[in-house]
Number of protein chains: 2
Amino acid sequence: MRRPERLIRLTKRLVEQPNQAFSLSDIAAECQAAKSSLSEDVALVRSVVAAEGAGDVETIAGAGGGVRYRAGMKPSARAAFTARLIDILSDPSRILPGGFLYMLDVLGDPEVLDGAGRIFASAFYAAGVNAVVTVETKGIPLAVATARYLHAPVVIVRREHRVTDGPALSLHYVSGSERRIQTMSVSTRAMPPKARVLIVDDFMRAGATVRAVRHLLAEFHAEVAGTAVFMATREPVQKLVDDVFALFVVERLEEGRPVVITAAMPWEGG
Amino acid sequence: MRRPERLIRLTKRLVEQPNQAFSLSDIAAECQAAKSSLSEDVALVRSVVAAEGAGDVETIAGAGGGVRYRAGMKPSARAAFTARLIDILSDPSRILPGGFLYMLDVLGDPEVLDGAGRIFASAFYAAGVNAVVTVETKGIPLAVATARYLHAPVVIVRREHRVTDGPALSLHYVSGSERRIQTMSVSTRAMPPKARVLIVDDFMRAGATVRAVRHLLAEFHAEVAGTAVFMATREPVQKLVDDVFALFVVERLEEGRPVVITAAMPWEGG
């Protein structure tokens with residue numbers, strides 16, 4: 001296989017499976033190329049990806065030697081992404097009765113999911129995440145998009161324990177906004193052993209749900225590597241959890257007044 | 001930009017955003033290359049992708065001229081994928097009380113999601129899908145993975161109408177297995193206008209849920225372009241819906257007896 005073909009194949013392989021390590025020897029054998037030629041190819045892919053500012057191609061030392069792609073987003077693309085979303089989400093027709101923000105359409109949009117997943121994953125690659133945990137329902141697409149970039153399984157915490165979950169671990173907690181006792185439950189077989197978890201959710205007010213997920217994970221002896229939410233509210237300023245990475249902060253959300261949303265990363269309140 | 005760099009950048013762009021059309025002129029300008037050189041690059045990427053049997057690079061005729069990548073899976077990879085999953089899913093410890101099959105871990109696995117999403121999308125590219133609809137909760141990751149390859153939004157049908165959904169369209173239906181009246185509801189603002197929908201779900205027995213989703217979509221004047229399920233049961237042989245693309249069929253599912261799963265695509269029963 002000639003060099004141009006090798007470069008296409010190598011780029012496709014790496015980019016289609018982010019954060020997955022491939023053996024250089026295997027790829028070299030597939031392409032019927034010397035390992036030294038392939039190393040030069042990897043160096044070129046790395047330099048193009050780095051020049052784009054859209055991720056890294058990392059070489060992993062060790063026996064066989066491996067290579068993996070980790071996604072990123074260049075600052076200008078990230079600024080455009082957040083500005084476009086702030087514009088969309090600030091539309092006053094999004095305020096629902098009771099002071100909720102309508103975000104369902106945005107949370108299902110393929111470009112929003114890809115962008116947010118990319119930002120979340122690139123912020124937590126270094127943390128060695130091996131599972132992404134979310135609470136049903138609205139945050140699931142976001143968790144799936146993030147887990148794809150991390151090459152990690154998604155584990156869904158449910159509101160109710162269903163027969164198809166098999167044995168489950170449950171706990172009760174007091175929701176922040178409604179001050180009522182709620183349940184959450186997760187299938188014991190769905191949680192990987194020695195999990196290092198990134199918690200992903202769509203919306204955080206006081207953080208009662210995130211805190212409950214952390215308690216649930218402690219029951220599994222899982223470590224929390226981080227928490228990433230799409231949108232946090234400014235109020236209450238005093239959150240029940242710290243170390244939350246929020247993409248956006250909604251400063252004000254009242255019927256009849258303009259919505260004010262700002263980009264905030266990482267979350268500096270709490 | 002030299003040719004090797006252009007090929008890497010072009011491949012990355014196409015593969016990272018499946019089913020999204022890019023203007024050749026824009027990419028040529030970005031790479032400071034002649035459009036004719038870029039056309040040759042596209043032809044080479046197309047030939048490598050075709051030789052791998054893992055998708056297509058399509059050129060779209062018209063004013064600016066465009067190019068897009070559509071994912072696929074070569075027959076040998078697909079055979080290996082289904083064989084591996086049949087092996088995993090046939091484990092008798094997966095049978096839950098009541099004759100249910102435990103699949104939650106599999107439905108959150110990044111490689112399973114990528115593989116199933118790729119197979120579903122490639123089966124429905126030609127149908128011109130512009131929305132993927134699923135019913136909460138277990139099928140959502142599958143729907144998100146499929147929607148990524150189709151570059152379409154995900155719309156989640158819920159069991160209950162929540163305040164954060166905004167106005168919603170609801171209907172009642174009789175569930176096939178439990179013979180009881182259930183509700184489903186979808187946010188009116190989440191459904192794109194003139195939707196051509198691929199319905200995605202994790203499990204189908206008689207098809208009562210899929211039939212109800214089709215009725216719900218009819219209320220939106222949405223067209224159903226197809227239905228794709230991860231697993232269907234052989235019984236009842238007479239389904240309530242036809243034209244269902246099932247990846248797997250579970251032939252037998254009884255406590256104390258081996259699970260029998262076969263690959264079945266498209267669904268030939270019903």
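Author: Two strands count as paired if DSSP finds at least two bridges between them. Strands themselves are DSSP runs (E, at least two residues) and helices are runs of H or I with at least four residues, both numbered from the N terminus. This is a predicted model, in which local features need pLDDT of at least 70 and side-chain atom pairs count only at pLDDT 80 or more, while totals for chains, interfaces and linings use all residues. Residues are numbered from 1 along each chain as its sequence is written, chains are lettered from A and ligands numbered from 1 in the order in which they are written, and side-chain values use heavy atoms, with hydrogens and water left out.

Reader: How do you know that strand β11 and strand β12 of chain A pair?

Author: Strand β11 (residues 223–233) and strand β12 (residues 244–252) of chain A are joined by six bridges, in the parallel sense. The rule asks for at least two, so they count as a pair. Across this pair, A:Ala228 stands opposite A:Phe245 of β12(A).

Reader: What makes β7 and β13 of chain A edge strands?

Author: Chain A has an open sheet of six strands with mixed pairing, in the order β7-β6-β10-β11-β12-β13. β7 and β13 (260–263) of chain A each have a single partner strand, so one side of each is left without a neighbour in the sheet. From one strand to the next, the twist averages 25 degrees. Helix α4 (residues 75–89) of chain A packs on this sheet and touches β11, β12 and β13 of chain A, its direction making about 170 degrees with that of β13(A). Such angles run from 0 to 180 degrees between N-to-C directions, with axes as lines fitted to C-alpha atoms, for helices over the stretch in contact.

Reader: And in chain B, how many bridges pair strand β10 with strand β11?

Author: Strand β10 (residues 196–204) and strand β11 (residues 223–233) of chain B pair over eight bridges in the parallel sense. B:Leu198 has B:Gly226 in β11(B) as its bridge partner. α6(B) packs on the sheet, touching β6, β7, β10 and β11 of chain B, and its direction makes about 145 degrees with that of β10(B).

Reader: Let's turn to the two chains together. How many residues of each are in contact?

Author: Contact means heavy atoms within 4.5 Å. By that rule, 51 residues of chain A are in contact with 51 residues of chain B. The area buried between them is about 5,000 Å², with carbon and sulfur atoms giving 65%. In chain A, the residues losing the most area to chain B are A:Ile8, A:Lys12 and A:Arg189, together 14% of what that side buries. Buried area here is the accessible area (1.4 Å probe) that two parts lose on being put together, summed over both.

Reader: Why is the link between B:Glu52 and A:Lys12 called a salt bridge?

Author: The term needs a side-chain nitrogen of Lys or Arg within 4 Å of a carboxyl oxygen of Asp or Glu. The closest N and O atoms of A:Lys12 and B:Glu52 are 3.3 Å apart, so the pair meets the rule. Across this interface the rule finds five salt bridges.

Reader: Which peptide bonds are cis, and what is omega there?

Author: A cis bond joins A:Glu235 and A:Pro236, with omega about -10 degrees. A:Pro236 lies in the loop between β11 and β12 of chain A. Another cis bond joins B:Glu136 and B:Thr137, with omega about 10 degrees. B:Thr137 sits in the loop between β6 (131–135) and α6 (140–150) of chain B.

Reader: What makes A:Asn19 worth a look?

Author: A:Asn19 has a positive phi of about 60 degrees although it is not a glycine. You will find A:Asn19 in the loop between α1 and β1 (22–23) of chain A.
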